Amino acid sequence: MELRHLRYFVAVAEAGHFGRAAAALHVSTPTLSEQVRALEEEVGAPLLVRHPRGASPTAAGEALLVEARTVLLAADTALREARRAAGIDDGALRLGLLTGAPPWLPERLGAILERAAPGHRPAFVGGSTSYQLGLLERGELDLALTRDTPEDGGYEHLALVDEELGVVVPAGHPLAEQAEVACADLSGQELVWYPRHRAPRLFDEVMATIERLGGRPEISTSAMAVEAIRTALPLLDGAITLGSTRMHSEDGTLIWRPLVGRPLSITVWAVWRSRPRDPALRAFVKALRKAVARGPLAGEPS
């Protein structure tokens with residue numbers, strides 16, 4: 001059994017889809033499938049159930065997944081520590097770059113890192129909340145930027161940015177005529193938002209709040225990332241979405257409206273493993289805490 005086989009299996013199990021896992025690993029889907037089958041032959045039992053919408057672990061796969069994550073994390077940590085002990089350090093800190101995060105945030109993080117750990121630079125890795133948390137768990141990321149925080153122990157987190165969540169509609173939509181939108185006004189509306197698996201806890205909390213305030217939107221089958229929503233929403237025959245004021249377009253094609261009572265906000269979290277060994281990461285986290293304590297991170301000088 002090779003580490004490569006375990007890494008491929010974990011990627012598919014976490015993505016729930018061979019194609020998405022192959023893209024993340026930069027290999028072809030047939031190659032990925034072949035390697036997973038080789039692992040299944042060695043185990044002597046199916047590890048994944050393939051179905052039209054993707055793949056999910058079998059009972060044997062669930063058991064292997066727990067141990068495989070531990071093995072991969074240990075291997076990655078050992079390699080990094082050996083390289084550091086040998087004085088091999090490229091000066092890069094691997095930071096997650098959350099899809100849909102404020103565009104000014106990477107520059108601010110880079111400036112804070114430069115002051116906190118001179119000689120170090122950020123190496124950004126893009127991806128959703130669930131993807132980044134998977135990388136963090138496997139030791140492939142030093143600090144993640146997420147919409148959710150891990151529910152299990154072993155992690156620390158810090159709120160970096162809070163943005164009010166409102167309703168975004170195409171120009172000409174009836175809700176665009178209102179100064180504020182009640183949650184009840186969302187009932188029956190087709191709501192296009194991100195795929196739930198990318199940040200499930202946030203998704204469920206937002207929908208529960210809307211429902212508690214009288215809203216019953218129809219969740220669209222067209223789930224997509226923020227940038228795709230910007231392009232697709234005017235084409236989806238009256239659909240709406242949720243987003244920050246940054247979704248309001250200057251050309252007037254998309255209109256942002258606040259919700260009555262401002263009941264929703266969306267947070268960008270910094271998440272890292274507890275008690276990090278890397279001195280640069282420790283210094284960066286300390287500087288981040290101080291920057292947030294001084295006030296909104298958007299105002300942090302660069």
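**Aromatic pairs, a helix and a pocket**

Tutor: Let us begin with the aromatic rings: in this predicted model, the count of aromatic pairs comes to three.

Student: How is the pair of W193 and F203 to be described?

Tutor: In general, a pair of aromatic rings is described by the distance of the centres and the angle of the planes. For W193 and F203, the ring centres are 5.7 Å apart and the planes stand at 35 degrees, so the pair is tilted. This pair links distant parts of the chain, ten residues apart: W193 belongs to the loop between β8 (190-191) and α7 (200-212), whereas F203 belongs to helix α7.

Student: Are W193 and F203 buried or exposed?

Tutor: Both W193 and F203 are buried.

Student: What kind of aromatic pair do Y194 and F203 form?

Tutor: The pair of Y194 and F203 is edge-to-face, with 5.6 Å from centre to centre and 85 degrees between the planes. Y194 is buried, as is F203. W193, Y194 and F203 together form one aromatic cluster.

Student: Which residues of α7 are buried?

Tutor: The general idea is that an α-helix has 3.6 residues a turn, so residues three or four places apart point the same way. In α7, the residues L202, F203, V206, M207, T209 and I210 are buried. Seen down the helix axis, the buried residues of α7 fall within an arc of 160 degrees, so they line one face of the helix.

Student: What covers the buried residues of α7?

Tutor: The cover includes β8, β9 (218-219), β10 (241-243) and β12 (265-273). As for what comes after the helix, α7 is followed by G214, whose phi is positive, near 95 degrees.

Student: How much space lies in the largest pocket?

Tutor: Rolling a probe the size of a water molecule over the atoms shows where empty space is left. Here the largest pocket holds about 1,000 Å³ of space. It is lined by 31 residues, of which E14, T129, S130, Y131 and G134 are the closest to its centre.

Terms used:
Residues numbered from 1 in each chain as written. Predicted model: local features only at pLDDT ≥ 70, side-chain atom pairs only at ≥ 80, totals over all residues. Heavy atoms only, no water. Phe/Tyr/Trp six-rings, centres within 6.5 Å; stacked < 30°, edge-to-face > 60°. Helix = DSSP H or I, 4+ residues; strand = E, 2+ residues; numbered from the N terminus. Buried < 20%, exposed > 50% of the residue type's maximum accessible area, 1.4 Å probe, protein only. Arc of directions from axis to C-beta. Contact = heavy atoms within 4.5 Å. 1 Å grid on protein atoms, 1.4 Å probe; cavity = no way out; pocket = protein on both sides within 12 Å on 5 of 7 lines; lining within 4 Å. Points joined across faces, edges and corners; volume = space filled by probe spheres on them.
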